[in-house]
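Here is a friendly walk through one model, taken a topic at a time. Keep the structure open beside the text as you read.

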Amino acid sequence: MAQAPQRGGGQGGNDRNRRDNRNSNAPAADGPDSDIVEKLVHINRVAATVKGGRRFSFAALMVVGDGKGRVGFGHGKAREVPEAIRKATEEAKKTMIRVPLRENRTLHHDGNGRWGAGKIMMRAAPPGTGVIAGGPMRAVLETLGVADVVAKSTGSSNPYNMIRATFEALKVQSSPRQVASKRGKKVADLMGRRNDGASAPEAAPETVEA
């Protein structure tokens, strides 16, 4: 007597089991770029006049950062949008810079940046202020890891100029440790002088003549 075929077996079940095992054994994404935050700032369609007509392509502007003091930007151009974004992201990761942050939330001091017709101003802010900035500057500061800052753009609104001006202002940021190493002093001496400099020396008591 012939046996009835078993249900749920066969080649389909084996393929499904192998696929499940392969997915369960896949390594986790814990590489060096796993904590990188990517933000698309601007994308533009450009056209090149060639023989026989116009050839269209796309230009993307990306900002990447780890949220811990490193940030970079890049731009890429390709015939398709995903390829342009990929090129811009790769360039941004190669050009990342490190910016010192005070208490891991704000800038150490105010800064100004300029690139072409783009002008920006950034100021350190107390806790709870948030990121008061707009457009490309906000993308740069958020990916950098700044939580409290006040920024203002007073020049061109071109995203490329604003991004470069923002990076010019971030490049001149310095921490007390960096300033102390340049001047050959200790950080405690600089911080103590800054704290004591605001208070004027007490005046000597006046003597009343008899």
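## Salt bridges

A salt bridge here is a side-chain nitrogen of Lys or Arg within 4 Å of a carboxyl oxygen of Asp or Glu. By that rule Glu168 forms a salt bridge with Lys171, their closest N and O atoms being 3.8 Å apart. Please bear in mind that this is a predicted model. Both Glu168 and Lys171 sit in helix 4, three residues apart, or about one turn of the helix. Glu168 is partly exposed because its relative accessible area is 28%, whereas Lys171, at 52%, is exposed.

The structure holds eight salt bridges. One of them joins Lys39 to Glu142, with the closest N and O atoms 2.2 Å apart. This pair links distant parts of the chain: Lys39 belongs to strand 1 (residues 37–50) and Glu142 to helix 3 (residues 136–144), 103 residues apart. Glu142 also forms a salt bridge with Arg138, where the closest N and O atoms are 3.0 Å apart. Arg138 and Glu142 are both in helix 3, four residues apart, which is about one turn of the helix. How exposed are its members? Lys39 is partly exposed, with a relative accessible area of 24%; Glu142 counts as partly exposed at 31%, and Arg138 is partly exposed at 33%. As a general point, side chains of opposite charge can pair when their charged atoms come close.

## Helix 4

Does the length of helix 4 fit its residue count, or what span should one expect? At 1.5 Å a residue, the 13 residues of helix 4 (residues 159–171) should span 18 Å, and the end C-alpha atoms are 18 Å apart, so the two agree.

The N-terminal end of helix 4 is capped by Asn158, which places a side-chain oxygen 2.9 Å from the backbone nitrogen of Tyr160. The buried residues of the helix are Pro159, Asn161, Met162, Ile163, Ala165, Thr166, Phe167, Ala169 and Leu170.

## Around His108

Where does His108 lie? Its place is the loop between strand 4 (97–98) and strand 5 (111–115). Is His108 buried or exposed? Its relative accessibility is 18%, so His108 counts as buried, the cut-off being under 20%.

A polar atom of the His108 side chain lies 3.4 Å from the backbone oxygen of Leu101. Leaving aside neighbours within four places in sequence, His108 is in contact with Pro100, Leu101 and Arg102, and also with Gln173, Ser174, Ser175 and Pro176.

## Confidence

How far does the predictor trust this chain? The mean pLDDT is 79, and 73% of the residues reach 70 or more. Confidence is highest in helix 2 (residues 81–94), at a mean of 95, and lowest in helix 1 (residues 10–24), at 48.

Over residues 18–30 the pLDDT stays under 50, and the model has two contacts for them beyond four places in sequence. Over residues 196–210 the pLDDT is also below 50, and this stretch has zero contacts in the model beyond near neighbours in sequence. Where pLDDT is low, the predicted coordinates should not be read in detail.

Terms used: Residues are numbered from 1 along each chain as its sequence is written. This is a predicted model: local features need pLDDT of at least 70, side-chain atom pairs count only at pLDDT 80 or more; totals for chains, interfaces and linings use all residues. Side-chain values use heavy atoms; hydrogens and water are left out. Helices (H or I, at least four residues) and strands (E, at least two) are DSSP runs, numbered from the N terminus. The expected span of a helix is 1.5 Å times one less than its number of residues. Buried means under 20% relative accessible area, exposed over 50%, partly exposed in between (1.4 Å probe, protein chains only). A polar contact is a pair of N or O atoms within 3.5 Å; within protein, one must be able to donate a hydrogen and the other to accept it, and residues adjacent in sequence count only if both atoms are side-chain atoms. pLDDT is the predictor's confidence in each residue, from 0 to 100. Contact means heavy atoms within 4.5 Å.
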